[in-house]
Amino acid sequence: TKTKKQWWKQNTIFFTDLEKKGNLSFTATTFSSCDIKYNADLLMGERMDGCLLGMQDLALLTNADSTNHATALFVARLILQNDNGGDKRDWPFGLDEFIQKFITFDNLYNENGNDWDGDNDNTESWYHRKIRYYALTVLSNSLNIVADGSSEEEGCCITTDVGMALIPVLIRELNDAKKRPHDAHQAMRCINVLLGISPPEVLTKAMELGFPSSIQSSLAVGRCCHSLLAKESEVAMTMECAL
């Protein structure tokens, strides 16, 4: 397995060529490009430990407290895009594909009717629980940093398509809060951003899927065993009442 240093050495020519052509300047964003491409290579690999390492690294890269605001915003925008901008060299996943591959596992489990998050204690089940939690963390970090940095100059990439892709998945997590309270906490962080800045169609979809009752169940679980989930649920309840 290549180390990050070896990967960077191999790809130096690619990024230097982009700089010479005027498509890239060696700022904080440049190093974000290198990191995100390295993480994408890990996530597309077949090794479970490599995929998990890549997702954990993404969780750090989308957290401004772990890196910096410019880097976190740059990576978050890549995560939340749903068309790859026509160029998959840096980041190969659209948002829908990211959700299917790392959160709902549609391609892996739905065809056989298996329940990935059952009581199985094998390595594969452990891996899917872990990577799903970190993927939800990446989404919640991304939504929060984009919402915080969405000035008129920067714009905001939380579009109707993004909201529509996320809402069903997030509400499912809230409904399963008793089984996976940590995942529900990250899902509630996402929803609180969407409640604040999403187009009306997204909010209508959330109500149709039973969002108010999902808040209540998550709040009950949070008050019982997860204080951070309870805090986010209370925020969501306040925002929902104000809509």
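**View A. Helix α9 passes helix α11 in a left-handed crossing.** In this predicted model, α9 and α11 (residues 211-225) pack with their axes 11 Å apart and at an angle of about 135°. Because only angles over 145 degrees count as roughly antiparallel and those from 65 to 115 as roughly perpendicular, α9 is oblique to α11. From α9, the contact draws on Pro181, Met188, Ile191 and Leu195, and these meet Phe211, Ile215, Ser218 and Val221 of α11. Sorted by class, the residues of this contact comprise seven nonpolar, one polar and no charged.

**View B. The largest cavity has a lining to which α8, α9 and α10 each give two or more residues.** The count of cavities of 30 Å³ or more comes to one, and the volume of the largest cavity is about 40 Å³. Its lining consists of Ile167, Ile171, Ile191, Leu194, Leu195, Val202, Leu203, Ala206 and Phe211, where α9 spans residues 181-197 and α10 spans residues 200-208. By class, the lining holds nine nonpolar residues, with no polar and no charged ones. Ile191, Leu195 and Phe211, which are among the lining residues, also take part in the contact of α9 with α11.

**View C. Helices α7 and α8 pack in a left-handed crossing.** The axes of α7 (residues 123-148) and α8 (residues 160-175) are 13 Å apart, and the angle between the two helices is about 125°. The two helices are therefore oblique to each other. On the α7 side the contact is formed by Arg132, Leu136, Leu139 and Leu143, whereas α8 contributes Leu166, Leu170, Arg172 and Glu173. The residues of this contact divide into five nonpolar and three charged, with no polar residue present.

**View D. Helix α5 meets α7 through residues that include Phe98, Phe102 and Ile103.** The axes of α5 (residues 95-104) and α7 come within 8 Å and cross at roughly 145°. Leu95, Phe98, Phe102, Ile103 and Thr104 of α5 are in contact with Ile131, Arg132, Ala135, Leu136, Val138 and Leu139 of α7, a set that divides into nine nonpolar, one polar and one charged residue.

Definitions and conventions. Residues numbered from 1 in each chain as written. Predicted model: local features only at pLDDT ≥ 70, side-chain atom pairs only at ≥ 80, totals over all residues. Heavy atoms only, no water. Axes fitted to C-alpha atoms, helices over the stretch in contact; angles between N-to-C directions. Helix = DSSP H or I, 4+ residues; strand = E, 2+ residues; numbered from the N terminus. Parallel < 35°, antiparallel > 145°, perpendicular 65-115°, else oblique. Left-handed = near helix turned anticlockwise from the far one by under 90°. Contact = heavy atoms within 4.5 Å. Nonpolar A, V, L, I, M, F, W, Y, C, P; charged D, E, K, R; others polar. 1 Å grid on protein atoms, 1.4 Å probe; cavity = no way out; pocket = protein on both sides within 12 Å on 5 of 7 lines; lining within 4 Å. Points joined across faces, edges and corners; volume = space filled by probe spheres on them.
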